[in-house]
Amino acid sequence: MTDSTETRTPAAPAAALSDWGNVAAGGVMERLVSLCKRRGYVFQSSEIYGGIGSTWDYGPLGVELKRNIKDAWWQAMVRRDDIEGLDAAILMHPKVWEASGHVAGFTDPLVDCRNCKHRFRPDAIAEDAEVKCPRCGSRDLSEPRQFNLMFKTWMGPVEEEAAIAYLRPETAQGIYVNFLNVLNSSRQKVPFGIAQIGKAFRNEITPGNFIFRTREFEQMEMQYFVKPGSDMEWLEYWLGERRQWYRGLGIREAKMQIHRHEPAELAHYAAAAYDLQYEFPFGWQELEGIHDRTDFDLKAHETHSGKKLSYFDEESKERFVPFIVETSAGVDRSLLTCLVDGFREEGQGKEARTVLMLHPRIAPIKAAVFPLVNRDGMPELAREVYHALHRHWNVFFDDGGSIGRRYRRQDEAGTPFCLTVDGESVAERTVTVRDRDSMRQDRVAIDRLEEWLAERIEAPA
Ligand code: GAP
């Protein structure tokens, strides 16, 4: 229900509205955050008002990267015979959250400082009994109280108990309540899955590390409905598939590991669970959860709604409530992983460069087109090349500054290929293609460019 096994970083003192997500000064994360702003990947939300805690806006390149990641997920998870897509509403009947256990149990402990009135999570500050206020150091603290992480609002004009609605803290419940609708309209048979991408909201007490943990984020979740008894097999299958998906985005294998939950770590709904973890600059952290949720969710919704949510197996003539194996990934966290994994600072002095080595498949800009100089037919031919490629991909035209500076800008933006139109291009109808990672240059015929790029953009990592 919550990525509770993660090490939560302490809230920065007085980090109420504006903060940079607890990013340590002078470290690699700070340089990445700065690149994200400079190149238009991620901006602090409401920045001109001083920002608002742990919410972020995706700029022109960020939004392209996000779309490419979501498309890659949809392609892998929904474009298969046994999975259907869904887009459920964010606002749901409040009873959904009673059935799911979120009203009663989606909480974090909070302590009040009687001296400076600061509120904080005690376990994020110290593991021993010597808990003191992270802001003023006082030990005059209240007993821990449970704080619900769901955002609450009201439906309609009257702010009363009967009108309470919650912003969903996970997309999964929208899938469970639509189980029968999808089953009856799609001709699927167990085992089959339902997948969706959408926003989720959690009033996290200790958000931080840039876009790693925020209060508004996007999830990519798939719930796979299986025959009871086959759940452990499917759990292993989906663990393998999900790990492979990140490899396909170009994420380095050595930076990923699997954490199997100990019985004491398991969420109340889970019989078994894995975290797929990534080694961020701030330590090994959960990237995605793969959970065996048993029949907990469907049975809970049966009890609270009074509707039967079972499945009749034509072959065995058995009726049962399916078990669910869930794969639950964060869009923002996947995006951060791609940025962190691809971020490189190479060379020294004049040779120094910062590069985002994003896989061409997810890179926001696939190619940049440069006329070497702005005369002798080069700008016209470069424009022709740009327009031809722009029909297929997001490409960029740049005729400003030296070629070296144009390369550096695209290296930081993560653009895998830079195409330069020079004197020879005009005579021979060829361009030089400079590879971002190796910096190697090849000459490619303009007539072959689309095919040449397509091969590399579609190539598996
Ligand atoms: N339906 C199960 C579920 O929501 P979770 O472990 O709480 O499980 C799954 O969340 C994934 O959602 C996490 O692995 C992470 O990628 C993402 N996620 C959860 N809370 C987040 C937050 N506050 N900010 C950003 N991403 C978050």
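Me: Buried means under 20% relative accessible area, exposed means over 50%, and partly exposed lies in between (1.4 Å probe, protein chains only). On this scale, is Trp245 buried or exposed?

Reply: This is a predicted model: local features need pLDDT of at least 70, side-chain atom pairs count only at pLDDT 80 or more, and totals for chains, interfaces and linings use all residues. Trp245 has a relative accessibility of 8%. The cut-off is under 20%, so Trp245 counts as buried.

Me: What is the mean pLDDT of the protein chain?

Reply: pLDDT is the predictor's confidence in each residue, from 0 to 100. Over residues 4–19 it stays under 50. Yet 94% of the chain's residues reach 70 or more, and the mean is 92.

Me: How are the rings of Trp245 and Tyr246 arranged as a pair?

Reply: A pair of aromatic rings is described by the distance of the centres and the angle of the planes. Rings of Phe, Tyr and Trp (its six-membered ring) pair if their centres lie within 6.5 Å; planes under 30 degrees apart count as stacked, over 60 as edge-to-face and the rest as tilted. The structure holds 18 such pairs. In this one the centres are 4.9 Å apart and the planes stand at 80°, so the pair is edge-to-face.

Me: What kind of pair do the rings of Tyr311 and Phe320 form?

Reply: Both residues are buried. Their ring centres are 5.6 Å apart. The planes stand at 55°, so the pair is tilted.

Me: Which charged end sits over the ring of Phe212?

Reply: A charge sits over a ring if NZ of Lys or CZ of Arg is within 6 Å of the ring centre and within 35 degrees of the ring normal. Phe212 belongs to a cluster that ring pairs build with Tyr278, Phe280 and Phe282. Lying 3.7 Å from the centre of the Phe212 ring is the charged end of Arg333.

Me: Which residues in the largest nonpolar core touch the most other members?

Reply: A nonpolar core is a set of buried Ala, Val, Leu, Ile, Met, Phe, Trp, Tyr and Cys residues joined through side-chain atoms within 4.5 Å. The largest one has 58 residues. Those touching the most other members are Leu32, Tyr41, Phe210 and Leu336.

Me: How many residues are in another core that lies apart from it?

Reply: Its members include Phe397, Val421, Trp452 and Ile457. The ring of Trp452 also has the charged end of Arg456 over it, 3.7 Å from its centre. The size of this core is 22 residues.

Me: Why is strand 21 largely enclosed by the rest of the structure?

Reply: Helices (H or I, at least four residues) and strands (E, at least two) are DSSP runs, numbered from the N terminus. One side of strand 21 carries Phe417, Leu419 and Val421, and the other carries Cys418 and Thr420. The strand is largely enclosed because, of its five residues, the number buried is five.

Me: Which residue of strand 22 stands opposite Thr420?

Reply: Two strands pair if DSSP finds at least two bridges between them. Five bridges join strand 21 to strand 19, and these two run parallel. Four bridges join strand 21 to strand 22, and these run antiparallel. In strand 22, the residue opposite Thr420 is Thr432.

Me: Where does Lys66 lie, and what is its relative accessible area?

Reply: Lys66 lies in helix 2, residues 60–77. Contact means heavy atoms within 4.5 Å. Beyond neighbours within four places in sequence, Lys66 has contacts that include Glu218 and Asp332. Lys66 is buried, with a relative accessible area of 9%.

Me: How far apart are the C-alpha atoms of Ala329 and Glu218?

Reply: Ala329 sits in strand 16, residues 323–330. Ala329 is buried, at a relative accessible area of 1%. Along the chain, Ala329 and Glu218 are 111 residues apart. Yet they touch, and their C-alpha atoms are separated by 8.7 Å.

Me: Which residue does a cis peptide bond join to Val190?

Reply: The omega angle of this bond is about 5°. The partner is Pro191.

Me: Is Asp376 buried or exposed?

Reply: Asp376 has its place in the loop between strand 19 and helix 10. Its phi is near 60°, a positive value in a residue other than glycine. At 54% relative accessibility, Asp376 counts as exposed.

How values were computed. Residues are numbered from 1 along each chain as its sequence is written. Side-chain values use heavy atoms; hydrogens and water are left out.
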